[in-house]
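Colleague: I'd like to learn how to read a model like this one, feature by feature. Could you walk me through it?

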Amino acid sequence: MSIVQTGHKGLDYYPCQYPGSRMTFRGPRIELKKPFILCLGGSETFGKFATDPYPARLGDRIGRSVINMGAMNAGVDLLLNDRAIRRAIEKADQVVLQVPGASNMSNRFFTVHPRRNDRFLKASRMMQSIFRDVDFTEFHFTRHMLSALCGKSEDRFSLILEELRSAWVSRMATLLNGIDAPVQLLWMSHRTPDENEDCAAGMGYDPLFVTREMLDEIKPLAVSLIEHIWPNEGVPPEDRGLLFGRNEEAAARVMPGASDYEAVSQALARVLN
């Protein structure tokens, strides 16, 4: 499935919605008729700047219906609570789940937007009591907020980090236990799960705050775990087959390219077949 180029090297993602949800997914929309493979995840699964992300390539490769319900910056909350995603999970024969980060979900310290999980909404009283020297009205995005808190105090920030990691493991287990179909976990990142992140040096790469130990806790609930690392941040995005509009080059630089999506589709085809 190829998506036509429009505007200034931009893409038409054919945005679509599925019954029961206000969430916008990448189209064209495909009817939820068995049998189909459901792909869930964040920006990489959605395929920002890519003409053919891995769900489209996977469908072409194995000749089966593959539905892309990846959403920009999606966190565990969206996957657990969106009604359209839940309905698709109930009907899917197999599920590919891109590992989400631990930063974009509501917890005891802060609340995120129910659909746009990267949007920070409010800090809890507990958070405000720990960071009395922070004005939380200045923040709109979770990454910006968490980076600022780490800059204020790494010791205090460690309390937030511990909460996020604990909540992530619990919620991912709930998600996986609620899927009857076989689940293939997919790790797509500039880093391996074994690389330690330094929040003081820019927070690190997505999936934010997720470690190998966390993956090991949830991996028994899935059929397999595929890891794809792309260390090509220095390669211009246009040379990696990405199409982007004005002022989008910086965002495109951190996204996977055509060769990455091809490699992922090949790896998934082997385990799904």
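This is a predicted model: local features need pLDDT of at least 70, side-chain atom pairs count only at pLDDT 80 or more; totals for chains, interfaces and linings use all residues.

Colleague: Which residue does the side chain of arginine 143 meet in a salt bridge?

Modeller: Aspartate 206, with 3.0 Å from N to O. At 39% relative accessibility, aspartate 206 counts as partly exposed.

Colleague: Why does that pair tie together parts that are apart in sequence?

Modeller: Because arginine 143 sits in helix H6 (residues 142-152), while aspartate 206 belongs to the loop between strand S8 (183-189) and helix H8 (212-218), which puts the partners 63 residues apart in sequence.

Colleague: How many salt bridges does the count come to?

Modeller: The count is 12, taking a Lys or Arg side-chain nitrogen within 4 Å of an Asp or Glu carboxyl oxygen. Some share partners: Arg57, Arg61 and Glu262 are joined into one network that way.

Colleague: And which side chain meets arginine 171 in a salt bridge?

Modeller: That's aspartate 77, at 2.9 Å from N to O. The two come from distant parts of the chain, 94 residues apart: arginine 171 is in helix H7 (residues 154-177) and aspartate 77 is in helix H3 (residues 76-81). Arginine 171 is partly exposed at 22% relative accessibility, whereas aspartate 77, at 9%, counts as buried.

Colleague: What about arginine 108: buried or exposed?

Modeller: Exposed, since its relative accessibility is 51% and the cut-off for that class is over 50%. Its side chain meets that of glutamate 163 in a salt bridge of 3.0 Å, N to O. Glutamate 163 is buried, with a relative accessible area of 12%. Here too the pair links distant parts, 55 residues apart: arginine 108 is in the loop between strand S5 (94-98) and strand S6 (110-112), and glutamate 163 is in helix H7.

Colleague: How does a cavity compare, and how many of 30 Å³ or more does the structure hold?

Modeller: A pocket is open, while a cavity is a space where the probe fits but cannot get out. The structure holds 1 cavity of 30 Å³ or more, and the largest cavity has a volume of about 40 Å³. Its lining includes Ala50, Asp52, Arg57, Leu242 and Tyr261. Arg57 also belongs to the salt-bridge network with Arg61 and Glu262.

Colleague: Now the sheet. What should I look for?

Modeller: Strands of a sheet pair through backbone hydrogen bonds, either parallel or antiparallel. Here we have an open sheet of 5 strands in the order S4-S3-S5-S8-S9, with parallel pairing. Its edge strands, S4 (66-70) and S9 (224-229), each pair on one side only. On average, neighbouring strands of this sheet are turned by 20° against each other, direction ignored.

Colleague: How many bridges are there between S3 and S4?

Modeller: Strand S3 (residues 37-41) and S4 pair over 5 bridges. Within this region, glycine 41 stands opposite glycine 70 in S4. Helix H4 (residues 83-91) lies across S3 and S4 and runs at about 145° to S3.

Colleague: And how do I read the buried face of a helix?

Modeller: An α-helix has 3.6 residues a turn, so residues three or four places apart point the same way. In helix H2 (residues 54-62), the buried residues are Tyr54, Pro55, Ala56, Leu58, Gly59 and Ile62. They pack against S3, H1, S4, S5, S8 and helix H10 (258-272). Just after H2, glycine 63 takes a positive phi of about 65°.

Note on methods:
Residues are numbered from 1 along each chain as its sequence is written. Side-chain values use heavy atoms; hydrogens and water are left out. Two strands pair if DSSP finds at least two bridges between them. Helices (H or I, at least four residues) and strands (E, at least two) are DSSP runs, numbered from the N terminus. Axes are lines fitted to C-alpha atoms, for helices over the stretch in contact, and angles run from 0 to 180 degrees between N-to-C directions. Contact means heavy atoms within 4.5 Å. Buried means under 20% relative accessible area, exposed over 50%, partly exposed in between (1.4 Å probe, protein chains only). On a 1 Å grid over the protein atoms alone, a cavity is a set of points where a 1.4 Å probe fits but cannot get out, and a pocket is an open set with protein on both sides within 12 Å along at least five of seven lines; lining residues have an atom within 4 Å of a point. Grid points are joined across faces, edges and corners, and a volume is the space filled by probe spheres set on the points.
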